[in-house]
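Subject: Structure handover

Hello,

Below are the sequence and the structure we talked about.

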Amino acid sequence: MSTEFDHSLAVSTIRGRWQVPYLTWITRVLIVVALVGTFAPGPVGTVVQVSAVAVAIAVPLLRVLWLIHRWRQERDWIFVVIGGALLLVIATGAVIAIVG
């Protein structure tokens with residue numbers, strides 16, 4: 001019986017380093033947009049603020065979708081299920097909030 005562990009099976013090929021500059025850029029833009037929305041008059045300010053909140057909510061969800069896609073490519077089914085369950089919980093909460 002061999003006690004060696006095949007480390008090649010345990011190492012993920014998912015790389016997220018290219019996302020960091022984009023996420024940093026999106027965060028900075030969101031701060032500016034939120035500030036503009038705060039000081040913009042009337043309905044324009046409201047639209048800008050709602051847009052900033054929508055993007056702030058969408059970015060992490062898109063990242064989870066991307067991760068699910070990559071986990072599926074790697075055939076890491078446990079993480080695919082966990083990511084899908086997370087999105088299902090968020091979607092259920094959104095539906096409850098809209099209906100109720």
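The protein has three helices and zero strands, where helices (H or I, at least four residues) and strands (E, at least two) are DSSP runs numbered from the N terminus. Read from the N terminus on, its elements go α-α-α.

Two remarks on how to read the values. This is a predicted model, in which local features need pLDDT of at least 70 and side-chain atom pairs count only at pLDDT 80 or more, while totals for chains, interfaces and linings use all residues. Residues are numbered from 1 along each chain as its sequence is written, and side-chain values use heavy atoms, with hydrogens and water left out.

Of the 100 residues, 16% count as buried. Buried means under 20% relative accessible area, exposed means over 50%, and partly exposed lies in between (1.4 Å probe, protein chains only).

Helix H3 (77–99) has 23 residues and spans 32 Å from its first C-alpha to its last, close to the 33 Å expected at 1.5 Å a residue. The expected span is 1.5 Å times one less than the number of residues. Val80, Gly83 and Leu87 of H3 are buried, and H2 is part of what covers the buried residues of H3.

How do H2 and H3 pack? Their angle is about 155 degrees and their axes are 8 Å apart. Axes are lines fitted to C-alpha atoms, for helices over the stretch in contact, and angles run from 0 to 180 degrees between N-to-C directions. H2 and H3 are therefore roughly antiparallel, a label for angles over 145 degrees. Residues of H2 that meet H3 include Leu61, Trp71 and Arg72; on the H3 side, Trp77, Phe79 and Ile90 are among them.

The largest nonpolar core consists of seven residues: Val64, Trp66, Leu67, Ile68, Trp71, Val80 and Leu87. H2 gives the most to this core, with five residues. Such a core is a set of buried Ala, Val, Leu, Ile, Met, Phe, Trp, Tyr and Cys residues joined through side-chain atoms within 4.5 Å. Leaving aside neighbours within four places in sequence, Leu87 is in contact (heavy atoms within 4.5 Å) with Leu61, Val64, Leu65 and Ile68.

Most residues other than glycine have a negative phi. Arg75 is exposed, with a relative accessible area of 62%.

Regards

Conventions
Angles under 35 degrees count as roughly parallel, over 145 as roughly antiparallel, 65 to 115 as roughly perpendicular and the rest as oblique.
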